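Hi there,

Here is the structure I promised to pass on to you. Please have a look at it first, and then read my notes below.

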Amino acid sequence: MVKAPRPIPQAVRDAQTRASNPAASAFVSANAGSGKTHVLVQRVIRLLLDGVPPEKILCITFTKAAAANMAERVFSTLGHWVTLDDEALDSAIKSTGIPTPDKKLRASARKLFASALETPGGLKVQTIHALCTRLLQQFPFEANVPARFSVLDERDQTEMMERANLKVLLDAARTPDSAVGRALQVAMANAADSTFKEVVREACLSRDHFIAWTDGAGRVEVAAQQLGQVLGIAPDETLEAIEQDILDGPNLPRADWTEIAARLDGGAKTDQKQADQLRAALAFSGSDQVDEYLRVFLTEDKEPRKSLLTKKFADSNPGLAGLFESEARRLDRLIEKRRAAVVRDRTEALLQIATAAAANYRREKEERGLLDYDDLIDKTLVMLNRVSAGWVHYKLDRGVDHVLIDEAQDTSPRQWDIVAHIIEEFTAGAGAREGLTRTIFAVGDEKQSIFSFQGADPHEFDARRRQLQKRFTDAGLLFDPVSFTYSFRSGSTVLHAVDHVFREREVYSSIHSPDIGYPVHNSLTDAGPSLIELWSLCERDDRKEIEGWRAPFDGVSVTSPEVKLARRIQAEIKRLIRAGTMTGHDGARRRLSYGDMLILVRRRGTAFDAVIQALKHAGIPVAGADRLKLTEHIAIIDLMNLADALLLPQDDLALAIALKSPLFGLDDDDLFKLAWQRRGSLR
């Protein structure tokens, strides 16, 4: 069935035409689903139609997948044009924003596909890291990098980080009285093994923040003192001294707890519980004793108790009640100071370990001539800063005339600085060559900025737009800020909900300048119906913990929030189908089917598995996981064991597993007959 073209408002077409205009630089703020990738491709094609050589265009995308997708769409479009007759080709050219194509333009359009493929260097569509790799390989001397450096991928980086961490841990274990040895004792007492490894890794790779802080301080001890100042705790205030002050204060000193507990035994049940808590605290020592003692004054949520003693007991024992009240006021300050000391000491321990691990990681990279992704950015930026007037800039200037940036909201300040160097001569000096148009194009959505851990800042998109607009307009060049507000993907209800979220000033000012106002989302007239429901959180039911042999090994409790949510989703899907809910656009309405539904989860975890299980148990057809780890699938495990058995003749275990798999079908009795009293290997 041939579908009629969607009714696209003229305002949308005008905005797309402005954004793809090869004669003007443009910054596009594009809402989700507003067609930004389409316009990126459209602008590249219009540049090529305008006679720009493919090698003069640089497209910077955020991921390799995005780069491949964009290049594929450009080449697919150009390849399709070769097959069109004049009328169809005119229509295709008009759709890019060119109102009146002629015979000459049609001839050029039909040559673009071959030109883009055959031009040396070709159309450059790459990630910022791929761009930096190319620059550093071209100018290794200026960048002070090994001439034949290799780029460290994520897997090798993880292995190197594990080796760097292991060396620190072994050094700490050998010298427990050293700074790193004491740091390890603190860290291991406060973090689980897996959590500890992840925290150290994150700290080592956080160059813009964590490592930059320690490098700026010079020594770990200085950095810890700086943190202490922020937290309001002096360097000579130790955690041990603060805890000693908590336990042996002037009001309820530890030596009097037994006597005080005996007096509380004469009160009501609540007073007796306080007595029991004091006696329980005496059985502990160190920080554990402090925690037990503070339970007299704090709730399970670590909030101050509204009342420490019953009114009747307090009226009968005003002196003791006064001591409790005074102690509560005294502890309020000490509790905060203790928390500050814990944060300082734990952070100092992390500093000691992370800086040592980072040094090991850095050393191995240098010895092996490796650069990681952060190195690519750092080295490139240093090179461009140091050789600002040299031939590197000259060569860059002569090599690129048009720069296009995708997902600009996730471009970090340092990456923006690299782009700024590349386009430095676009607006001034010899680079602004007479008769040559040179442009920059960026498209992004501040609301979708999710890579802050890599240094991305949504405010940077707005700030760079303002800076570049001033530079280009001051140079008498065209610069057009464009907004894409119409969504090709969502209905009005969904879009109005997004508007509502960003309507408050404190929310929208968190992503861009307050004077821009809140973002607006518009739907197309043929957008499908939409509905938003807000469900209350599913909470875990109270249940008795099962320990030891009675606890299931891998069971998921039916009272868990994940299972309860999965059952609710399953029930809602069945209700929609049973009610005959209609879907589709006007004129093509039909009943909803199971295949129309898509369930999105934040990550593949227990909730993901619970939803699939609930749907299958309810007889609802479900495609299941859209992605799996091949190496964890039983069939792949059997094949890998077979490969091990074939490659390693002495690996009896691998051969035994392969023989018991469906590949050979042996059972335990068969395997026993083969293996019992054998001479040599099972092979």
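**What I found**

Asn 144 sits in the loop that runs between helix H7 (140–143) and strand E4 (150–151). Before going on, please note that this is a predicted model, in which local features need pLDDT of at least 70, side-chain atom pairs count only at pLDDT 80 or more, and totals for chains, interfaces and linings use all residues. Residues are numbered from 1 along each chain as its sequence is written, and side-chain values use heavy atoms, with hydrogens and water left out. Helices (H or I, at least four residues) and strands (E, at least two) are DSSP runs, numbered from the N terminus.

**Two residues with positive phi**

Most residues other than glycine have a negative phi. Asn 144 has a positive phi, near 60°, and is not a glycine. With 59% relative accessibility, Asn 144 counts as exposed (exposed is over 50% relative accessible area, buried under 20%, partly exposed in between, with a 1.4 Å probe and protein chains only). Gln 677, in the segment after helix H29 (668–675), also has a positive phi, about 60°, without being a glycine. Gln 677 is exposed, at a relative accessible area of 65%.

**A buried glutamine**

Is Gln 409 buried or exposed? Gln 409 is buried, as its relative accessible area is 1%. You can find Gln 409 in the loop between strand E6 (402–405) and helix H21 (413–422). Leaving aside residues up to four places away in sequence, Gln 409 touches several residues, among them Gly 444, Asp 445, Ser 449 and Phe 461 (contact means heavy atoms within 4.5 Å).

**The nonpolar cores**

In soluble globular proteins, nonpolar side chains tend to be buried together. A nonpolar core here is a set of buried Ala, Val, Leu, Ile, Met, Phe, Trp, Tyr and Cys residues joined through side-chain atoms within 4.5 Å. The largest such core has 38 residues, of which Leu 49, Trp 81 and Phe 441 touch the most other members. Helix H2 (residues 36–49) gives the most to this core, with eight residues. A second, separate core has 34 residues, including Leu 136 and Leu 371.

**How some helices pack**

Helix H4 (residues 86–95) and helix H5 (residues 103–118) cross at roughly 85°, and their axes come within 11 Å. Axes are lines fitted to C-alpha atoms, for helices over the stretch in contact, and angles run from 0 to 180 degrees between N-to-C directions. H4 and H5 are therefore roughly perpendicular to each other (65 to 115 degrees; under 35 is roughly parallel, over 145 roughly antiparallel, and the rest oblique). By class, their contact has four nonpolar, no polar and four charged residues. Here Ala, Val, Leu, Ile, Met, Phe, Trp, Tyr, Cys and Pro count as nonpolar, Asp, Glu, Lys and Arg as charged, and the others, Gly among them, as polar.

Helix H8 (residues 154–174) packs against helix H18 (residues 318–368) at an angle of about 125°, with the axes 8 Å apart. H8 and H18 are therefore oblique to each other. The residues of the contact of H8 with H18 divide into eight nonpolar, three polar and five charged.

Enjoy exploring!
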